[in-house]
Amino acid sequence: DYLCLEDKEHFLLEWLKYHKVNKTLSHLFLKELNRQIIESEALNILIKDLRLIKQYGDISLLQKSVKSYSYTLDTVKNIKTDEFELIFTENAKNHIKFSDFPLTIKNACGTEMVGSKRLNRWFIKHKIPLIKRELWPVIYATNGKLIYVAKSSFSSGLNANKITLSVVK
């Protein structure tokens with residue numbers, strides 16, 4: 001646990017070096033970074049080409065730019081990508097129609113409306129870390145309407161890597 005460390009500033013220096021942050025890190029910078037980590041509930045600081053994120057008690061380094069993806073599916077077929085796996089089965093609980101095709105599957109931006117709320121509020125309510133939010137799959141119908149937000153329950157929390165759908169007429 002970060003708060004239990006004796007020399008937090010030295011740890012930050014070594015941790016950032018380990019992650020190849022090629023920036024001269026002054027003692028004052030490390031001291032201020034340490035202060036913000038300790039005092040802030042949530043944090044998003046740019047350090048060179050990375051973002052230092054503190055969220056839900058975890059600290060991580062993410063790339064400055066968000067990886068974006070978009071796939072178009074013209075017909076019913078299972079696909080597996082680096083970001084998710086989509087499987088069509090007859091007994092899935094989530095149904096879509098043939099008239100929804102072609103489907104567009106892409107990462108959520110958080111501003112999508114789910115009912116009367118923005119998807120970003122759902123992410124916050126379920127304590128989904130930013131690193132997962134940025135890759136979270138959403139599915140749009142041919143008319144551009146959001147028809148599905150991926151979510152699956154796992155004992156370790158919510159995960160969107162496996163999507164199961166069934167198609168109805």
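Helices H1 and H2 pack at an angle of about 105 degrees, with their axes 9 Å apart, and they are therefore roughly perpendicular to each other (65 to 115 degrees). This is a predicted model, in which local features need pLDDT of at least 70, side-chain atom pairs count only at pLDDT 80 or more, and totals for chains, interfaces and linings use all residues. Residues are numbered from 1 along each chain as its sequence is written, and side-chain values use heavy atoms, with hydrogens and water left out.

**Contact of H1 with H2**
- The contact (heavy atoms within 4.5 Å) is made by Lys8, Glu9, Leu12, Leu13 and Leu16 of H1 together with His27, Leu30, Lys31, Leu33, Asn34, Ile37 and Ile38 of H2.
- By class, this contact of H1 with H2 has seven nonpolar, two polar and three charged residues.

**Helix H2**
- H2 covers residues 27-39, and its 13 residues reach 18 Å from the first C-alpha to the last, close to the 18 Å expected at 1.5 Å a residue.
- Leu30, Leu33, Asn34 and Ile37 of H2 are buried (under 20% relative accessible area, with a 1.4 Å probe and protein chains only).
- These residues cover an arc of only 100 degrees around the axis, which puts them on the same side of H2, whereas Leu28 and Glu39, on the other side, are exposed (over 50%).
- The buried residues of H2 pack against helix H1 (8-18) and strands S1 (43-47), S2 (50-55) and S3 (58-63).

**Helix H1**
- In H1 the buried residues are Lys8, Glu9, Leu12, Trp15 and Leu16.
- They cover an arc of only 125 degrees around the axis, which puts them on the same side of H1.
- Just after H1, Lys20 takes a positive phi of about 60 degrees.

Terms used:
Helix = DSSP H or I, 4+ residues; strand = E, 2+ residues; numbered from the N terminus. Expected span 1.5 Å × (residues − 1). Arc of directions from axis to C-beta. Axes fitted to C-alpha atoms, helices over the stretch in contact; angles between N-to-C directions. Parallel < 35°, antiparallel > 145°, perpendicular 65-115°, else oblique. Nonpolar A, V, L, I, M, F, W, Y, C, P; charged D, E, K, R; others polar.
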